[in-house]
Amino acid sequence: MGEVPKKRNEAHINGVEATGYARYEDVDKDQLERDINAIKETMAPVGEEDFQHLLKLERWGRMFTFGGYGLMLVMAIAGIVSGFGFWVLAVVAALLISTGNVARWADVVHPILHGAYDKVPNIPERYTKKVFAKGARRYIDWLDWIKPQAWEYEHNIMHHYHLGETEDPDNVEKNLQWLIQSKTPMWLRYVIIYAFAGTWKYTYYAPNTLRILENKKNRDQQKLEVTDFELDPRKKNGLELWMEYLLPYIVIKFVLFPVLFAVLFGTTVGVNALIILLLAEFFANLHSFLVIVPNHSAEDIYMFNEPHQSTGEFYLRQIMGSVNYNTGSDFKDFVHGFLNYQIEHHLFPNMPHSYYQRMQPIVKDICKKHNLEYRQESVFKRIRMSIDLMVGKTKLLRVDGV
């Protein structure tokens with residue numbers, strides 16, 4: 001079973017650790033609701049300035065993406081196909097492409113699919129939740145391993161409205177019980193997690209979003225829910241996973257682009273293009289794992305064993321169940337995918353990224369008023385804490401109900 005979880009997780013008072021902060025049951029949830037709702041009154045309506053902020057983030061992401069592919073083209077034209085120079089440039093190109101990949105998801109797709117810009121007057125329809133990445137627009141707006149509609153339901157509904165509960169599909173401690181309860185040596189658990197981090201978008205996220213969406217249909221039809229991923233293409237869900245989730249991305253990203261380079265510049269260049277794109281995919285998985293997973297996963301984050309009963313309690317859980325990373329300039333926030341404002345995002349998920357920068361000081365003051373811990377630390381510290389949780393070295397804190 002590995003090491004015994006740290007004692008930090010044993011010092012609870014009715015499911016809440018004795019830290020000097022307010023206990024869960026003692027927080028005035030009605031007043032907290034009023035205070036959080038009052039933030040909206042201090043913010044101007046979503047407008048053109050917020051939309052222009054989105055367009056800036058989109059341009060930055062495209063600069064990274066096109067910069068990476070442009071560097072691949074320059075290498076092909078210059079005949080740089082081997083040696084130390086090739087590998088240096090290949091890594092740079094892969095990092096540029098991977099950064100653009102993560103930015104597209106976190107900085108653009110994420111807020112748009114929350115409807116953050118729907119109320120901007122005269123906004124182009126393609127930036128609204130109703131149109132963005134729907135149908136064939138997936139190939140223009142967001143082609144990734146994940147089907148946009150499946151991720152939208154998994155993330156916007158199941159994760160946001162069930163944060164830290166059993167129903168939360170992103171509850172890392174629950175999802176990793178197969179490893180935590182195993183007899184795998186601790187050192188090997190870390191190796192497994194490090195390998196998983198480089199592949200998680202297609203080995204976990206894509207099949208899990210399909211499973212969550214399928215369970216929605218099963219509940220509506222009063223059928224048994226699916227508990228495991230289905231990878232076998234000979235079965236219905238497995239076929240859907242391959243045909244609608246994985247293959248579109250594989251064919252366009254790892255077949256068409258390398259073939260195009262091979263046709264234009266020869267087989268060696270085509271193979272090199274494939275190597276760079278595979279490397280970029282590995283980096284994109286690592287980057288997205290780094291900024292997404294630690295938001296709700298560590299020994300100082302709370303899990304809730306019963307559904308929330310009021311809006312004030314819902315707000316309280318978003319604060320106690322989330323952590324921010326370091327914040328600052330637009331570029332720092334861009335690299336974090338604005339996931340460094342996770343507390344603000346979970347309180348106001350349908351708001352533009354530009355709002356979170358302005359909301360943060362107000363949210364901090366409200367937490368101070370209610371004696372609530374406002375967690376904010378380096379993403380690198382938080383990822384270490386998350387991995388400790390994933391291997392079973394630590395546990396989430398518990399709120400067992402009031």
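**Questions and answers**

Author: Start with H53, which sits in helix 2 (residues 48-78). Helices here are DSSP runs of H or I, at least four residues long, and are numbered from the N terminus. This is a predicted model, where local features need pLDDT of at least 70, side-chain atom pairs count only at pLDDT 80 or more, and totals for chains, interfaces and linings use all residues. Residues are numbered from 1 along each chain as its sequence is written, and side-chain values use heavy atoms, with hydrogens and water left out.

Reader: Is H53 buried or exposed?

Author: Buried means under 20% relative accessible area, exposed over 50%, and partly exposed in between (1.4 Å probe, protein chains only). The relative accessible area of H53 is 10%. H53 is therefore buried.

Reader: Which residues is H53 in contact with, leaving aside its neighbours within four places in sequence?

Author: Contact means heavy atoms within 4.5 Å. With those neighbours set aside, the partners of H53 are D330, F338, H353, S354 and Q357.

Reader: Where is F338 found, and is it buried or exposed?

Author: F338 belongs to the loop between helix 13 (330-335) and helix 14 (342-347). Its phi is near 55 degrees, a positive value in a residue other than glycine. With a relative accessible area of 1%, F338 is buried.

Reader: What pLDDT does the chain average?

Author: pLDDT is the predictor's confidence in each residue, from 0 to 100. At least 70 is the score of 95% of the residues, and the chain average is 93. Over residues 1-17, pLDDT is below 50, and beyond near neighbours in sequence this stretch has 52 contacts in the model.

Reader: Are helix 1 and helix 12 roughly parallel or roughly perpendicular to each other?

Author: Axes are lines fitted to C-alpha atoms, for helices over the stretch in contact, and angles run from 0 to 180 degrees between N-to-C directions. Angles under 35 degrees count as roughly parallel, over 145 as roughly antiparallel, 65 to 115 as roughly perpendicular and the rest as oblique. The axes of helix 1 (residues 29-42) and helix 12 (residues 311-320) come within 8 Å and cross at roughly 75 degrees. The two helices are therefore roughly perpendicular.

Reader: Which residues of helix 11 and helix 16 make their contact?

Author: Helix 11 (residues 267-292) and helix 16 (residues 379-390) have axes 9 Å apart, at an angle of about 90 degrees. Helix 11 brings F289, L290 and V291, while helix 16 brings V379, F380, I383 and M390.

Reader: How many residues of helix 16 are buried?

Author: Helix 16 is mostly covered. What covers its buried residues includes helix 6 (172-175), helix 7 (177-180), helix 8 (186-197) and helix 11. D388 is one of the buried residues, with a relative accessible area of 15%. The count of buried residues in helix 16 is 9 of 12.

Reader: Where does N371 lie?

Author: N371 has a positive phi of about 55 degrees, although it is not a glycine. N371 is partly exposed, with a relative accessible area of 34%. Its place is the loop between helix 15 (353-369) and helix 16.
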